[in-house]
Amino acid sequence: MGIKEFCFKKSLWVFHLSAGSCNNCDIEILDLLTPRYDVERFGMKLVGSIRHADVLLVTGIVTNKTKPRVLEVYEQAPKPIIVIAVGACPCTGGIFASGYNFAGPLDKVIPVDAYIPGCPPKPEAMLAGIMKLLSPPAPQENKA
Amino acid sequence: MNIEQYNAELKGRFPQIKGIEVVNTKRLMVHIPQEALAPITDYWFNQLQYRYIIVSAMDSADGYELIYHYSDDKTGWIMNLNVLLPHDKPEIESMTPIVYGIEWIEREIMDIMGIKFLNHPLPKRFLLPESWPEGEYPYRRKIRKGDR
Amino acid sequence: MGKKTIVPIGPYHPLLEEPEFFKLYCDGEIVVDMEWETGYNHRGIEKICESKTFEQVFYVVERICGICSTSHPFAYANAVESIAGVDIPVRAKLIRSIVGELERINSHLLWVGLAGHFLGYNTVFMWAWKYREPVLDMFEIITGNRNSYAMFTIGGVRRDIDETKAAQLLKVLDDVKKKTDLLVGAVMDDPVIHARLKGVGTLTAKDIHDFGSVGPTARASGVAIDVRRDDPYAAYDMVNWKVITAQAGDVFAKAEVRLLEMYESIAIIQQCLELLKKEEPGNIKAKVKEIPPGMGLGHAEAPRGEVFHFVKSDGGNSPVRHKIRAPSYNCITTFRRSCIGGTISDAAIATAAVDPCYCCTERMVQAYDYKSGERILNAADLIRLSQQKTDALRAEMLAKGML
């Protein structure tokens, strides 16, 4: 198995970055910590510094002002790091794509490993997205 | 509130008022020249104790319209002062000495509409990033009177 | 004067969901000055609205902020419907009020959780956010989504509330009431919280007037302003409820106002559901052919205060100008009066007390650009300082036998 799968077999530490969001997605991410979804039982927790993180969750359209910060955070992140774009905004810009302060979408700024669309995506959708990203590939795919 | 009585009294106090209209239910619009802005603001904010809401800026065909919104919470009326600035000279005195909280919105309007507020305590760029080009005001529509 | 140090909070911290960057200038332990830089969230929404139709603008404004998701469409609907001169059906007014008040309960519970975390009461954070879940479930049942409900349209609402949903809502409200009692007991009667929050971040009635502050921030300083009572809209003049005020103006008063407002919201929803039974089901939208030229000034009471929308129409399909003022715009400015003079460990809770919603404010917030300074503490340190102060206070009170 690849180094990503090897490293991430255990619990994931997540760093959340808001690059100009309306806060809907951010609150749904925090909801994951609360007793109903309780991702801490999977070992996932939110950390305060990118240097301790395995996963970078980004929400929000990337505005002109947050773009340098997003790049800076990505530079500081220990590699390998999984980058997940949460919500319609970092995926494509959503309804704000026609604004004059739009500097995204996220994959034009940093490489993205997974997209979780939704406005906002439900916590179940976020969990499903992370699990899908980390599940081992199905046996047939290894034949080639 | 007896609006006719109120209008008559206001016009009596400030004869420079160009016009008063009731725009919608409980919404009053008072059109004034630049010079009358400070005295009426002082009267409304300090004497009548109206609550400061915000200032809107519009780029109309006749000029830049600045609308100062105040609320009379006792009656539920929203009272507005409408000042028209000419396109070639968009300058007006800052109201920060009278309404302390107006500082922010004046800086915002300077950034997005390019109207100059004279004697503003901190006239620096804010909302838009540092790299935004000077002289580019995103909210100007550039439609002028006589355009087809 | 001692050495001045700068303590930055932000831009990113796990529990400050939105990016903003404060600089506190400290002289030892005391905060002597404060500046901040924003513009990170500026998305140019007012300009985007000029290129959408009047109906599409609803979906843009409800994404200004996740928590005030109903309040912005409410004020915008008030503004546009006043231009069109249309009176909406009573059933639509009741449904609008129900959704608005549910959102208020949701927002205040969220705030209680965050405040609990800043003080070091992580259990309060977990409880409060757990009790939000049934409310979010009700939103999903009534509107189809946990946030960003898309309930409003010009002339009324888009979905009806039938008998089954109304019955489910009543059950959830009973549950929320019991949980609110629990939270009020846990928070209001705790002597450590009294010691921690009383006298911190005080704002006088004059401060409120100077900045034009609104909402619980104003009501906690004795200024009894509430758009629902001063300029009634929707169903607020059809039901009985009180405007909650406090006199002290400190963080404790603000918490008290928010907690007690939840009871009023529950009462309003229960009365609206009663009145809903008398209205003909299905009559939820008035026909509006077009928006004539004119100006509309609409406001609504969001959980954080008065949200104000100014819409100018020239008879076309889109607004010519749409000016949006969120309540936090006039409340965040009060930080200069509430934080300065206090200690660094109180800064975190004093700023959280006005329930700042940076994404509402960000579309038109300005940046103060201060240079130079030495950095000794970061954001996580400040929250930790606040939590440590609570622990120290608790230990002191235990030693004195006050607990």
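This briefing describes chains A, B and C of a predicted model, going from whole chains to single strands and residues. Because the model is predicted, local features need pLDDT of at least 70 and side-chain atom pairs count only at pLDDT 80 or more, whereas totals for chains, interfaces and linings use all residues. Residues are numbered from 1 along each chain as its sequence is written, and chains are lettered from A, with ligands numbered from 1, in the order in which they are written.

**Chains A and C as a whole**

- Chain A has 5 helices and 5 strands, where helices (H or I, at least four residues) and strands (E, at least two) are DSSP runs numbered from the N terminus; in that direction the elements of chain A follow the order α-β-α-β-β-α-β-α-β-α.
- Of the 144 residues in chain A, 47% are buried, a residue being buried if 20 or more other C-beta atoms lie within 10 Å of its own, exposed if 12 or fewer, and partly exposed in between, with C-beta atoms placed from the backbone.
- Chain C contains 16 helices and 8 strands, and 60% of its 403 residues count as buried.
- Among contacts between residues at least 6 apart in sequence, 81% in chain A join residues at least 24 apart, and the corresponding value in chain C is 74%; two residues are in contact if their C-beta atoms, placed from the backbone, lie within 7 Å.

**The two domains of chain C**

- Chain C is divided into domain 1 (4-40 + 330-399) and domain 2 (45-326), with bounds that come from an automatic or database domain assignment.
- Contact between the two involves 30 residues of domain 1 of chain C and 35 residues of domain 2 of chain C.
- On the side of domain 1 of chain C that touches domain 2 of chain C, at least two residues each come from α12 (327-332), α13 (335-339), α14 (344-352), α15 (358-361) and α16 (379-399) of chain C, and α16(C) gives the most, with 8 residues.
- That side of domain 1 of chain C is made up of 15 nonpolar, 9 polar and 6 charged residues, where Ala, Val, Leu, Ile, Met, Phe, Trp, Tyr, Cys and Pro count as nonpolar, Asp, Glu, Lys and Arg as charged, and the others, Gly among them, as polar.

**Where chain C meets chain A**

- The contact between these chains takes 32 residues from chain C and 31 residues from chain A.
- On the side of chain C that touches chain A, α1 (45-49), α2 (54-61) and α5 (122-143) of chain C each supply at least two residues, and α5(C) gives the most, with 4 residues.
- By class, that side of chain C has 15 nonpolar, 9 polar and 8 charged residues.

**Helix α3 of chain A**

- In helix α3 (residues 67-76) of chain A, the residues R69(A), V70(A) and V73(A) are buried; seen down the axis of α3(A), its buried residues fall within an arc of 100°, so they line one face of the helix, the arc being that of the directions from the helix axis to the C-beta atoms.
- The buried residues of α3(A) are covered by elements including β1 (13-18) and β3 (55-59) of chain A, while the face turned away from the buried side carries the exposed residues E72(A) and E75(A).

- Three strands of chain C form an open antiparallel sheet in the order β6-β7-β8, strands being paired if DSSP finds at least two bridges between them.
- The edge strands are β6 (294-302) and β8 (321-325) of chain C, each of which pairs on one side only.
- Strand β7 (residues 305-313) of chain C is joined to β8(C) by 5 bridges, and K312(C) has R321(C) as its bridge partner in β8(C).
- A300(C) is found in strand β6 of chain C and counts as buried, because it has 28 C-beta neighbours inside 10 Å.
- The residues that A300(C) touches, not counting those up to four places away in sequence, include F74(C), A75(C), Y233(C) and V307(C); the C-alpha atoms of A300(C) and A75(C) are separated by 4.9 Å, although these residues are 225 residues apart along the chain.

**Strand β4 of chain B**

- In strand β4 (residues 64-72) of chain B, 8 of the 9 residues are buried, so the strand is largely enclosed by the rest of the structure.
- Strand β3 (residues 51-59) of chain B runs antiparallel to β4(B), joined by 8 bridges, and Y52(B) stands opposite Y70(B) in β4(B).
- β4(B) also pairs in the antiparallel sense with strand β5 (residues 77-85) of chain B, over 9 bridges, and S71(B) stands opposite I78(B) in β5(B).
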